[in-house]
Amino acid sequence: MALRGHISRLARIQLSHMGQQSRAQSVAVLGAPFSKGQKKRGVEHGPKVIRDAGLLERLSALDYCIHDFGNLKFKCVENDEPYMDVTSPRTVGGANKMLSGAVSRAVGAGHTLVMLGGDHSLAIGSVNGHAQQRPDLCLIWVDAHADLNTPMTSPSGNLHGQSVAFMLKELQDQIPDVPGFSWAKPFLSSKDLVYVGLRDVDPGEHNFLKNLGIQYFTMRDIDRLGIQRVMEVALDHLLARKQRPIHLSFDIDAFDPSLAPATGTPVNGGLTYREGIYIAEEIHNTGLLSVMDLVEVNPTLGSSPEGAEATASLAVSVIASALGQTREGSHGSIEEIASVKDDTEQLRL
C-alpha cells in the first residue's frame, strides 16, 4: 500500500511538471444564477459578485485564454408543487438539465470549465454533463455538508442537500421518481467520490457514508492528520489505479464562517484559508482538473458588505489556485538565475 502510494505520488509530480509546461490554454467560465435548490434568496447573485471580485482578470494573469460564456437563463416553473417534502422539484430539475447540456458542450469543446453558482443543487447538472464527455471522472466534494440525503431522509426537503444522492448508482433504488428529474440517471460509483471538510452530517447521510464505504474526511480528520496527509490519501484513493479527470465541487461554506460569512448554511470550525487553498493547489498539481464548481456565495447574507466582498474574494482565490496560481511568488527561470550568478562571479574576478 505504501509502495503504491509512493508510485502514485511520483506519477502525479510528473503530471504536474508536464501540466506546467503545456498548460491547457482554454478556460471557460459559466454562470448559473440559481437559488431554488434551497429557501434563501440571494445566492443567484453569486456569479456576478465572483466575477466582480476579479475572477477573469486573475485567470488571465495565469496565461489562460478565457472564454466567459455568461450566465444561463433559467425558467421558473409555475405551480411547482412540492413532491413529498422536496421543494421546487420541476424548477430545479429543469435548471440542472439545462446546465448539464451546457457543461457537456464546454468540456466537449476542449475547455477546462469553471461553473459559478448558485446553490449546490446545480452540481447534479454540472457533474452529469461532465460525465457525458468523461464517464471515467472522479469527484472531490469540498463542503461542510455531505449533500447525500434522499427525498426520504432529508430533514428540510432542499435539493441542495441531496445532490450527490442523485448521482450515485448505489442509491438508485433510494431515489423516487421526482418530477423534473426523469432525464437524470445515476452515473457515479461511491468509490469514485471523496469528501473533504465535513462537519454537519445528517443521520441518513451518515448511514450512507458508512454502508457504502465512501472515502470521507471530516474536520476532525483534518485536525488529526493535517491537510497534506488528507489530500495525499484522497488523491491516492481516486488516482492510484488510473489517472482520470477530476471534477472539483467546492462549496464556499467549507471554509470557516469567519472567512466566508456570506453563505446560506455556515457551520463553525471550518477550513482555514491555508487549508482551503492547499486543497485547490494539490488538485491543480495532479494536472487532471477538468471541471470545477464554486457554489453557495450569497452576497445578501453575512454581517456586512465587507463580509460579502471577502467571501467573493475567497472564491476567486480558490478558483485561481485550482488553476495554477501559487503562493511562491513570481520567479525567473533557472537559466536566468544562473546567468545572474555568472555575472556576479565575473565581477568578483
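In what order do the 8 strands of the open sheet stand, and is their pairing parallel or antiparallel? In this predicted model, the order across the open sheet is β2-β1-β3-β8-β7-β4-β5-β6, and the pairing of the strands is parallel. The edges are taken by β2 (65-71) and β6 (215-218), each of which has a single partner strand, so that one side of each is left without a neighbour in the sheet. From one strand to the next, the twist averages 15 degrees. Strands of a sheet pair through backbone hydrogen bonds, in either the parallel or the antiparallel sense.

Within this arrangement, strand β3 (residues 112-117) and strand β8 (residues 289-295) pair in the parallel sense over 4 bridges, and Val114 is found opposite Met292 in β8. Helix α5 (residues 123-133) packs on the sheet, where it touches β3, β4 (138-142), β7 (246-251) and β8; the direction of α5 makes about 175 degrees with that of β8. Helix α10 (residues 273-285) also packs on the sheet, touching β4, β5 (193-198), β7 and β8, and its direction makes about 165 degrees with that of β7.

Backbone geometry was then examined in the loops. Most residues other than glycine have a negative phi, and most peptide bonds are trans. A cis peptide bond joins Gly117 and Gly118, with omega at about 20 degrees, and Gly118 has its place in the loop between β3 and α5. Asp63, in the loop between α3 (55-60) and β2, has a phi near 70 degrees, a positive value in a residue other than glycine. A positive phi, near 50 degrees, is likewise found for Asp147, which is placed in the loop between β4 and α6 (163-167). With regard to accessibility, Asp63 counts as exposed because its relative accessibility is 60%, a value over 50%, whereas Asp147 has a relative accessible area of 5% and is therefore buried, the cut-off being under 20%.

The cysteines were considered next. A disulfide is a covalent bond between the sulfur atoms of two cysteines, and a search of the whole structure finds 0 disulfides. Cys65 counts as partly exposed, at 39% relative accessibility, while Cys138, at 0% relative accessibility, counts as buried.

The protein averages a pLDDT of 91, and 87% of the residues score at least 70. Over residues 15-23, however, the pLDDT is below 50, and this stretch has 12 contacts in the model beyond near neighbours in sequence. The pLDDT is also below 50 over residues 330-349, a stretch that has 1 contact in the model when near neighbours in sequence are set aside.

Conventions:
Residues numbered from 1 in each chain as written. Predicted model: local features only at pLDDT ≥ 70, side-chain atom pairs only at ≥ 80, totals over all residues. Heavy atoms only, no water. Pairing = 2+ DSSP bridges. Helix = DSSP H or I, 4+ residues; strand = E, 2+ residues; numbered from the N terminus. Axes fitted to C-alpha atoms, helices over the stretch in contact; angles between N-to-C directions. Contact = heavy atoms within 4.5 Å. pLDDT = per-residue confidence, 0-100. Buried < 20%, exposed > 50% of the residue type's maximum accessible area, 1.4 Å probe, protein only. Disulfide = S-S within 2.5 Å.
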